[in-house]
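Please find below a short note for a reader who is new to this structure. The points are numbered and may be read in order.

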Amino acid sequence: ADAIALSDASALPVLGNDAVATDTYDIAWVQAARVEGTMWEGAWSGVTSTDAWVAKADGVLEYHNLHKFVVEFSTDENALFFEIASHWIVYDPVYSIEALAEVNPAARSAGTNDTTFPEESIVPASPLVATPANDDVTVFEVSPGLFVREYAACYQDGTPIGACAAIVNTGSSAVPIVGLSGHYSRVLVHNTSATWAAGGTALWQGTVPAQLAAHAGAILAQ
């Protein structure tokens, strides 16, 4: 009650650094009138089991269905595509915000802390399956631990690039990539030469992998 009263007393909208917990306290607080959403610190970093990933994803979906923003904030540069693809699986065009604050390795040769990633210039639209109203991310599970979400239209720096898809392997071993309804000919790879702020662009590889490593993610395009 104190947390809700404090939030309601704010002259400005409130974003709480409170993850995406779905216990009674957090759900009551996030529904307070002045609370617009939550800063999920750490986001997908360190999520090393399917059960843990599903619990987090279901929480994000629940917050989105409550019309609340979720800022997926992370500082784990080693999980870039796992984070981006996980973000796409639970993506909502209104309430999803991705905030990667880790240092982009492409900036290190310049001795800077540039945290902009060209890969984030790829934006999905027109999902083939809408955000599940029952807050159940397993609607996107195509095989044990493997989650796929496809989009009819995607954009790179605002330019249409056709259909695309996100794939996340939440399991502890590599698995075949299955469950795609569309045909994809490219996979997003990390631009290690330049950050977005330094003029770097998202790069694609022309060979789509047949399998995905453990605890990994991938973005595919036509």
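1. Leaving aside neighbours within four places in sequence, Thr131 is in contact (heavy atoms within 4.5 Å) with Leu61, Asn65, Tyr91, Asp92 and Arg149. The model is a predicted one, in which local features need pLDDT of at least 70 and side-chain atom pairs count only at pLDDT 80 or more, while totals for chains, interfaces and linings use all residues. Residues are numbered from 1 along each chain as its sequence is written, and side-chain values use heavy atoms, with hydrogens and water left out.

2. Thr131 is placed in the loop between strand E5 (122–127) and strand E6 (141–143); strands are DSSP runs of at least two residues, numbered from the N terminus. Is Thr131 buried or exposed? Its relative accessibility is 19%, so Thr131 counts as buried (under 20% relative accessible area, with exposed over 50% and partly exposed in between; 1.4 Å probe, protein chains only).

3. The loop between E5 and E6 also holds Val129, which counts as partly exposed at 38% relative accessibility.

4. A search of the whole structure finds 1 disulfide (a pair of cysteine sulfur atoms within 2.5 Å). The disulfide joins Cys154 to Cys164, with an S to S distance of 1.5 Å. Cys154 lies in strand E7 (residues 146–156) and Cys164 in strand E8 (residues 159–169), so the pair ties together parts that are 10 residues apart in sequence.

5. The torsion about the S-S bond of Cys154 and Cys164 is about -70°, and the disulfide is therefore left-handed. Cys154 is buried at 1% relative accessible area, and Cys164 is buried at 0% relative accessibility.

Note on methods
Helix = DSSP H or I, 4+ residues; strand = E, 2+ residues; numbered from the N terminus.
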